[in-house]
Amino acid sequence: MKSRTLFATIQTEGAILPADLLQRISAGDKDLGGLTPNDYHLYEGEKVNEAINRSWNRLLAAWSAFRNALEKLSPTDITATTVTREKWLLILFQELGYGRLSAQKSAITIEEKSYPISHLWQNVPIHLVGARIELDRRTPGVTGASKASPHGMLQELLNRSSNYLWAFLSNGLKLRLLRDNISLTRNAFVEFDLEAMMKGEVYADFALLWLLAHQSRIEAERPEEFWLEKWSRKAAEQGKRALDQLRNGVEKAISALGSGFLSHPQNRDLKEQLQLGKLSTQEYYRQLLRLVYRLLFLFVAEDRELLLDPDADNVSKERYRKHYSTARIRRLAEKTLGTRHSDLFVALKLVMDKLNNG
């Protein structure tokens with residue numbers, strides 16, 4: 001599942017570093033650890049945002065030079081590898097604390113299979129290809145992309161090797177952060193759209209890139225001690241707790257809704273269908289579960305401001321929030337006891353019907 005997060009040029013897929021964790025890192029959440037100037041090896045008195053700003057200003061100029069060089073490049077250069085690395089990616093990684101990355105002289109081999117990764121920083125593969133190479137498509141005849149897509153090859157290396165846990169992949173236009181992924185059918189990575197980020201001068205997104213991809217995030221004798229890995233474990237633990245809480249909440253909601261529908265005087269038909277066996281208890285449970293998950297969908301969509309048409313006028317948006325939103329129902333539920341009136345449920349059903357009918 002992809003998540004665009006609140007950042008314009010960043011998406012996270014899978015659960016290695018979920019969207020809520022990225023937002024906590026961006027906000028400098030002290031509970032996460034690893035976000036102090038000292039953790040990023042800054043000199044005494046220097047602030048993290050000052051270091052990020054310094055890198056940003058240099059990289060804006062480097063990006064402009066790279067784009068100019070790329071536009072002048074001959075169409076016969078089908079990879080643009082040299083220009084992409086020399087004019088842009090090596091400078092980017094230099095600003096992230098890696099110094100001047102050295103190219104790999106030979107491929108990494110696992111059980112007689114070769115993985116021609118372009119660079120390696122300690123025990124972290126960094127595969128840098130040209131701007132004219134697609135990350136998710138095989139390009140015959142191109143080293144590092146000929147037998148499999150660059151992404152596919154790098155992910156396979158992580159999955160098969162016990163020495164490598166995290167890796168970086170980029171063609172200069174996009175940068176991906178990958179991790180060993182036990183799922184063979186579902187991708188898991190964080191992607192930064194460098195082109196949109198630099199072209200649109202989206203500083204906030206670059207700040208998160210700097211915080212996540214800095215050399216200090218993958219600096220430890222064992223990959224298990226990387227800050228990236230520590231953060232990923234925290235996200236997994238938090239996700240497990242959230243699932244446990246969600247499971248308990250869903251059970252309580254099913255019980256409350258099921259009892260409420262049966263006790264309401266206007267639902268005599270429902271009681272009769274259950275008593276006569278026309279509606280099985282299992283089917284009733286299934287419909288209640290479906291309703292609960294619809295509610296959860298609405299809660300998330302509203303809270304992330306994804307439900308309303310962004311082009312709608314403010315009057316219409318405010319009318320929805322005041323009279324039809326689930327946020328209003330949730331606020332009322334915290335303050336007042338329920339009644340026998342069904343107007344709130346009617347309003348909720350109206351919203352669901354509208355969503356169902358497009």
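Leaving aside its neighbours within four places in sequence, which residues is V129 in contact with?

## V129 and its surroundings

Leaving those neighbours aside, V129 is in contact (heavy atoms within 4.5 Å) with T84, L89, L135, P150, S170 and N171. This is a predicted model, in which local features need pLDDT of at least 70 and side-chain atom pairs count only at pLDDT 80 or more, while totals for chains, interfaces and linings use all residues. Residues are numbered from 1 along each chain as its sequence is written, and side-chain values use heavy atoms, with hydrogens and water left out.

V129 sits in the loop that runs between strand 6 (124–128) and helix 4 (150–160), where helices (H or I, at least four residues) and strands (E, at least two) are DSSP runs numbered from the N terminus. With a relative accessible area of 5%, V129 is buried; here buried means under 20% relative accessible area, exposed means over 50%, and partly exposed covers the values in between, with a 1.4 Å probe and protein chains only. One of the contacts of V129, S170, is 41 residues away in sequence, yet the two C-alpha atoms are 6.3 Å apart in space.

## The chain as a whole

The secondary structure of the protein chain comes to 12 helices and nine strands. The radius of gyration is 26 Å, well over the 21 Å that the globule rule gives for 358 residues, so the chain is more spread out than a compact globule; the radius is taken over C-alpha atoms, and the rule is 2.2 Å times the number of residues to the power 0.38. Along its principal axes, the C-alpha trace spans about 80 × 50 × 45 Å.

Of the 358 residues in the protein chain, 41% are buried. Among contacts with a separation of 6 or more, 58% are between residues 24 or more positions apart.

## Helix 3 and its bend

Helix 3 (residues 81–98) spans only 19 Å between its end C-alpha atoms, whereas a straight helix of 18 residues would span 26 Å at 1.5 Å a residue; the expected span is 1.5 Å times one less than the number of residues. The helix bends by about 35° at L89, the bend being the angle between axes fitted to the seven residues ending there and the seven starting there. L89 is also one of the residues in contact with V129.

The buried residues of helix 3 include T81, V83, T84, W88, L89, L90 and I91, and towards the end of the list L92, F93, E95, L96 and Y98. Just after the helix, G99 takes a positive phi of about 70°.

## Aromatic rings and charges

A search of the whole structure finds 12 aromatic pairs, a pair being two rings of Phe, Tyr or Trp (its six-membered ring) with centres within 6.5 Å, where planes under 30 degrees apart count as stacked, over 60 as edge-to-face and the rest as tilted. F66 and W88 form a stacked pair, at 6.3 Å centre to centre with 10° between the planes. This pair links distant parts of the chain, with F66 in helix 2 (residues 48–72) and W88 in helix 3, 22 residues apart. F66 counts as buried because its relative accessibility is 0%, and W88 is likewise buried, with a relative accessible area of 0%.

W227 and W231 form a tilted pair, at 6.3 Å centre to centre with 40° between the planes. These two residues are separated by about one helical turn because they are four residues apart in helix 7 (residues 227–263). W231 is buried, at a relative accessible area of 0%, and K230 lies over the face of W227, at 4.3 Å from the ring centre. A charge sits over a ring if NZ of Lys or CZ of Arg is within 6 Å of the ring centre and within 35 degrees of the ring normal. R217 lies over the face of Y40, at 3.8 Å from the ring centre. Elsewhere, F93, Y98, W121 and F168 form one aromatic cluster.

Among the buried residues are D205, F206, W210 and A213. E201, in the loop between helix 5 (194–199) and helix 6, has a positive phi of about 50° although it is not a glycine, and E201 is exposed, with a relative accessible area of 52%.

E112 also has a positive phi, near 70°, in a residue other than glycine. E112 is found in the loop between strand 3 (108–110) and strand 4 (113–115), and is exposed, with a relative accessible area of 80%.
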